[in-house]
Amino acid sequence: MVQSNTIRILDGNTFVVSEDTGDIEATPSEPTGLFSIDTRFLSRWVLTINGERLNALSYDDLQYYEARFFLVPGLATHYIDAKLSIIRERAVTASFRETITILNHDERAVDLEIRMDAGSDFADLFQVKDEIVNKKGEHYTEVEADRLRLGYRRGNFRRETTIASSETARFDQRGFAYTVHLEPNEEWSTDIDVQTAAIGPGGRDLRLGLQAHARERLALQHDLEEWIAAAPKVNSECEHLGRTYQRSLVDLAALRFSPLTMPGQTVPAAGLPWFMTLFGRDSLLTCLQVLPFAPEMSRTTLRVLASVQGTRFDDFREEDPGRILHEIRYGETAAFEEQPHSPYYGSVDATPLFVVLLDEYERWSGDGALVKELEQECRAALKWIDDYADLVGNGYIWYERRNTDTGLENQCWKDSWDSISYRDGQLPGFPRATCEVQGYAYDAKVRAARLAREFWDDPHYADRLEREAAELKERFNRDFWVADGEYYALALDADGRQADVLSSNIGHLLWSGIVEEPRAAKIAQHLVGPRLFSGWGVRTLAEGEVRYNPIGYHNGTIWPFDNSFIAWGLRRYGFAEEAAAIADGIIAAASYFDGRLPEAFGGYRRELTKFPVEYPTACSPQAWSTGTPMLLLRTMLGIEPHEGHLAVEPRLPVGMGRIEVLDIPGRWGRVDAFARGRMEMHRLAE
Amino acid sequence: MVDATTRFFEDLDRRGFEPLLEKTSGTLRFDLHEDAQTTHWLIQVDRGRIRVSREDRDADTVVWTSPAMFEQMAAGREDGIAALLRGDMTVTGDARLVVQIERLFPGPPDSRGPRRLFAREAG
């Protein structure tokens with residue numbers, strides 16, 4: 001579990017998680033360390049002076065890639081009257097760099113023995129996450145005059161950490177040390193450089209030639225400034241909304257990462273610390289959220305996902321022709337096929353969402369060239385929906401894992417083992433068809449029909465897709481409608497029986513447009529009704545269901561990203577007040593997390609806890625939580641591309657005050673949107 | 001009997017055009033080496049058009065592996081990306097090219113793909 005006092009800095013999928021002193025003392029279950037390409041390269045990094053540990057006075061995480069720690073010797077058990085100050089400054093760029101500065105405030109000279117313990121277990125991120133410890137390869141340490149090498153070898157698989165210092169150090173098997181004499185008011189400092197390497201036979205780095213884009217610290221700073229300058233400005237009377245937007249913008253910049261397979265192209269990684277890698281679903285949904293603010297990300301994500309779209313059947317990786325990947329990993333367990341992530345394709349929503357994003361991106365950007373470029377991949381994705389996802393043969397997307405050993409049981413966004421249930425709490429058998437995925441498939445077909453007509457010059461294909469979409473909508477409204485509850489079932493089992501619980505998934509159905517108009521009001525009522533809406537947001541599973549638990553990962557917690565799509569869906573069907581209520585709750589919750597929304601928080605009633613209770617092991621920052629405030633801004637302002645220009649139809653919650661979003665990029669160039677909150681919230685239905 | 005490696009390259013050359021490589025151009029050379037002996041296979045891709053030869057020429061991407069590992073990959077019994085991560089295959093140059101060409105290798109021979117429920121009941 002991630003401790004709340006850990007400090008994290010990162011660049012792409014290289015990151016450092018440490019204690020607030022800057023020290024790293026990892027245990028198999030403690031995810032501190034220096035990580036890169038899904039491998040821990042430092043698990044021990046402990047600074048002592050004259051044998052004493054240091055105590056943190058304060059720290060600054062200056063930017064997402066750098067941090068500074070102010071320390072004094074000794075433990076904080078009583079009053080500290082320190083004659084020494086120690087400053088550790090660190091940055092993650094292509095490598096991990098740390099500068100240690102020591103200042104002597106005493107009127108006398110001091111002699112210091114400064115020591116850094118260094119070690120690495122080379123754990124695969126999966127082993128850290130799942131607390132697996134037995135390594136099959138061998139560790140080695142090489143002490144040289146000017147550097148220390150820590151290594152791990154298993155066959156041709158080799159990962160190595162090399163530590164060097166600007167000041168002369170004495171290296172030994174377990175770290176390095178300096179002997180320093182400091183006169184009064186004198187200071188001393190050293191730069192430590194930690195390189196990570198993935199070495200193949202013949203000493204070649206696996207990333208050789210791919211590292212050309214690794215950025216230096218100054219370049220990172222410049223890049224971040226450019227990123228912020230390019231994004232729309234948000235001015236808001238509601239102070240924490242402005243702060244939340246700024247925080248999201250910077251976190252989104254931090255989460256950009258360049259996959260080994262596509263150097264130079266950045267896509268959003270899913271989240272720190274477990275998921276600093278490419279996920280199909282997370283990346284696509286994040287791109288959809290941030291389209292009005294960072295449209296470039298959609299283009300690169302679509303290209304990267306297209307370039308590794310499935311081409312063959314592989315039951316271990318659950319690959320099929322046309323399928324969009326779920327997750328890619330570079331660690332030892334993926335390399336030795338102990339995990340299937342090279343890449344793994346076990347998700348049923350990424351493929352339709354790929355088509356949805358391409359259309360939505362074109363509507364904003366006017367980038368018809370990309371729609372033409374990805375025609376083949378889009379057609380393959382739609383063919384996958386029809387040919388390979390329909391495991392029962394009745395026109396729905398189903399899932400049942402073929403990798404029964406390490407594959408995912410639930411291949412939808414609610415992917416924990418117990419997330420899909422009947423009202424009596426029993427879990428259905430496989431295959432399963434969850435409702436939101438049918439919505440995505442419907443939306444993909446409707447949108448692809450537009451693309452076929454306008455860009456691919458194939459009106460017959462467009463007609464066919466529209467016909468299929470209409471049939472799917474009709475079928476879906478017949479088979480998934482829970483008559484006695486007046487909502488859509490969470491899923492169907494292979495016999496057509498409904499997993500008839502009330503869940504947040506029905507909100508996604510509004511977003512996709514698969515809900516028949518006369519039923520939409522009922523769905524909206526459920527979403528802001530007392531069983532689903534806590535006051536902060538919509539719960540994943542309704543209060544009163546057998547499996548409901550306010551801190552159940554997918555059975556009662558509130559996921560900010562889920563809520564942002566629900567708000568979008570409500571607006572699509574004209575329920576602006578309900579959308580504003582959700583936006584209001586989630587943005588209020590963000591203020592309790594310093595503007596950084598967690599992956600999930602508890603489903604407790606707002607009146608009961610007064611503040612949102614963070615889900616214990618939630619990832620943070622996480623891409624689709626980071627994207628949430630941006631999609632909520634979109635829904636509150638009602639900004640929508642319309643016949644080549646940007647339509648604005650704001651409906652803000654009361655007390656939100658005035659919001660300006662300036663320089664929204666798109667096919668119209670750049671335009672501004674303004675809104676003022678004046679709605680009365682008490683008119684909301686119970 | 002021809003080995004899977006030769007069959008893989010001959011098939012590729014015979015195909016002439018591969019839609020999956022429509023957006024790809026460049027040259028990739030496989031160097032399969034064992035002891036002192038190295039076999040070269042050069043793939044030239046020009047927006048989907050493919051030519052395969054056994055020339056030892058400069059290429060945008062050079063991939064090293066053993067003939068045995070390649071034979072397994074050509075038969076679908078080993079996965080190229082996993083082999084890369086493991087260090088059983090190494091690359092210099094443009095990594096994108098190897099990722100695109102890797103997609104042309106067959107899946108595992110025992111992989112059956114998704115099976116419809118009624119088909120399973122019938123079987």
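The model is predicted. Chain B has a mean pLDDT of 92, with 94% of its residues at 70 or more.

In chain B, five strands make up an open sheet with mixed pairing, ordered 3-2-1-4-5. Strand 3 (49-53) and strand 5 (89-93) of chain B are at the edges and have a single partner strand each, so one side of each lacks a neighbour in the sheet. On average, neighbouring strands of this sheet are turned by 15° against each other, direction ignored. Strand 1 (residues 25-34) and strand 4 (residues 61-65) of chain B run parallel and are joined by five bridges. Phe30(B) is opposite Val63(B) of strand 4.

| Helix (chain B) | Strands touched (chain B) | Angle to strand 1 (chain B) |
|---|---|---|
| Helix 2 (residues 67-74) | strand 1, strand 4, strand 5 | about 125° |

At the interface, 37 residues of chain B contact 47 residues of chain A. The two chains bury about 3,200 Å² between them, of which 53% is on carbon and sulfur atoms. There are 20 residue pairs in polar contact across the interface, both residues at pLDDT 80 or more, and four salt bridges. Arg317(A) and Asp79(B) form a salt bridge through their side chains, at 3.4 Å from N to O. On chain B, helix 3 (80-86), strand 5, helix 4 and helix 5 each contribute at least two residues to the side touching chain A.

Key:
Residues numbered from 1 in each chain as written. Chains lettered and ligands numbered in written order. Heavy atoms only, no water. Pairing = 2+ DSSP bridges. Helix = DSSP H or I, 4+ residues; strand = E, 2+ residues; numbered from the N terminus. Axes fitted to C-alpha atoms, helices over the stretch in contact; angles between N-to-C directions. Contact = heavy atoms within 4.5 Å. pLDDT = per-residue confidence, 0-100. Buried area = accessible area lost by both parts, 1.4 Å probe. Polar contact = N/O pair within 3.5 Å; in protein donor to acceptor, adjacent residues only side chain to side chain.
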